Amino acid sequence: MSIVTTSSSLKITRFLEKKTYYPGEEVNGTIYVEGDKIKKNIQYIDLLIDTHYNIEAQNNCKSITIDSHRITEALTISPGEDYRFSFSFILPFDTPVTVGKAKVRLLTDIGTDKFDQDQIVVQPHPWINCILQTIESLGFRLHDADCEQAPFFKRRLPFVQEFEFVPVSPYYRQLLSELELIFLLEEDGFEIVFETNRRAKGLRGWMPEICDDILRVHFDESELTDQEELTEVLKEIIDHCAK
């Protein structure tokens, strides 16, 4: 439950069925508007999904609304009147997972004011969660997951979420200093962008690491059903990037 008070003459209460979701899941809830002593005009009521991302070149962080939903158009609330509005929407597939510093908030916008009350927990989509667990089983540990500006991907949003892993197994600690994954999720499947920092060898051993390797691979849901095969495929991909 979330209570937002705009003035002494109006109270808006927002209820969500739950606080934990994953991208692509339906979000359901209700907004109650209660009048008090003074007539109040509302331009509209919108529900906004807000997050932030890093702009590395400027060394700063920017807030962004990744989706918005109109709850009602212009409305006049007379003293003592109550209104109830149910809402339902699909959490966008490119909503960040709330791990590390990534946060996702719901804001109520009434045209003249925006109120930030609810932080929701966004878990990895089941497809992505399958990949994350498999990567960890191969000998990696999730270190961070930042949202970074990335206009070159030409996606709906100007950023992507990077999942940064560090190797913990002796085998991969010899080959890699880190492994980064970017998930580009769609309704029918997803693309994974693999980026690795390889440890230097031989005559270049004085360098802590050498240039990144980047590989983009598409998966569909059917390729996630066989866990043993998925593990082998991901290991082959990482080994290819590491050598």
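Is D239 buried or exposed? I began with this residue, and I note that I am working from a predicted model. D239 is buried, since its relative accessible area is 12% and the cut-off for buried is under 20%.

**Entry 1: D239 and its partner**

I looked for a charged partner of D239 and found K235, with which D239 forms a salt bridge. The closest N and O atoms of this pair are 2.8 Å apart. Both residues belong to helix α3, where they stand four residues apart, and about one helical turn therefore separates them. I recalled the general rule that an α-helix has 3.6 residues a turn, so residues three or four places apart point the same way. K235 is partly exposed, with a relative accessible area of 33%. I then noted a network in which D46, R70 and E73 are joined by salt bridges that share partners.

**Entry 2: Further salt bridges**

How many salt bridges does the count come to? I recorded nine salt bridges.

One of them joins D50 to R105, and the closest N and O atoms there are 2.2 Å apart. D50 lies in strand β6 (residues 45-55) and R105 in strand β10 (residues 104-109), so this pair ties together parts that are 55 residues apart in sequence. I checked the accessibility of both partners. D50 counts as buried at 7%, while R105 counts as partly exposed at 22%.

I next looked up K18, whose side chain meets that of E25 in a salt bridge with an N to O distance of 2.6 Å. K18 has a relative accessible area of 37% and is partly exposed. E25 is at 15% relative accessibility and counts as buried.

**Entry 3: A patch of charge**

Which residues gather in a patch of negative charge on the surface? I listed E223, D226, E228, E229, E232 and E236. E229 counts as partly exposed because its relative accessibility is 48%, and the exposed class begins over 50%.

**Entry 4: Helix α1**

Which residues of α1 are buried? I found W127, I128, C130, I131, L132, T134 and I135 to be buried. After α1 comes G139, and its phi is positive, near 115 degrees.

L224 and I128 are 96 residues apart along the chain, yet their C-alpha atoms are separated by 9.8 Å. L224 is found in the loop between β16 (212-219) and α3. L224 is buried, with a relative accessible area of 11%.

**Entry 5: A positive phi at K154**

I recorded a positive phi of about 55 degrees at K154, although K154 is not a glycine. As a general rule, most residues other than glycine have a negative phi. K154 has its place in the loop between β12 (140-149) and β13 (159-167). Is K154 buried or exposed? K154 is exposed, because its relative accessible area is 77% and the cut-off for exposed is over 50%.

**Entry 6: Pairs separated in sequence**

I looked up three further pairs by their C-alpha distances.

- V97 and P23 are 74 residues apart in sequence and 8.1 Å apart in space. V97 lies in the loop between β9 (82-90) and β10, and it is buried at 4% relative accessible area.
- D36 and G80 are 44 residues apart in sequence and 5.3 Å apart in space. D36 lies in the loop between β4 (26-35) and β5 (40-42), and D36 counts as partly exposed at 38%.
- Y83 and Y32 are 51 residues apart in sequence and 5.7 Å apart in space. Y83 lies in strand β9, and Y83 is partly exposed, with a relative accessible area of 27%.

Technical notes:
Residues numbered from 1 in each chain as written. Predicted model: local features only at pLDDT ≥ 70, side-chain atom pairs only at ≥ 80, totals over all residues. Heavy atoms only, no water. Patch = residues over 30% accessible without salt bridge, like charges linked within 9 Å, V, L, I, M, F, W, Y side chains within 5 Å. Areas by Shrake-Rupley, 256 points an atom, 1.4 Å probe, with all protein chains shown as cover. Salt bridge = Lys/Arg side-chain N within 4 Å of Asp/Glu carboxyl O. Lys, Arg positive; Asp, Glu negative; His and termini not counted. Charge placed at Lys NZ, Arg CZ, Asp CG, Glu CD. Buried < 20%, exposed > 50% of the residue type's maximum accessible area, 1.4 Å probe, protein only. Helix = DSSP H or I, 4+ residues; strand = E, 2+ residues; numbered from the N terminus.
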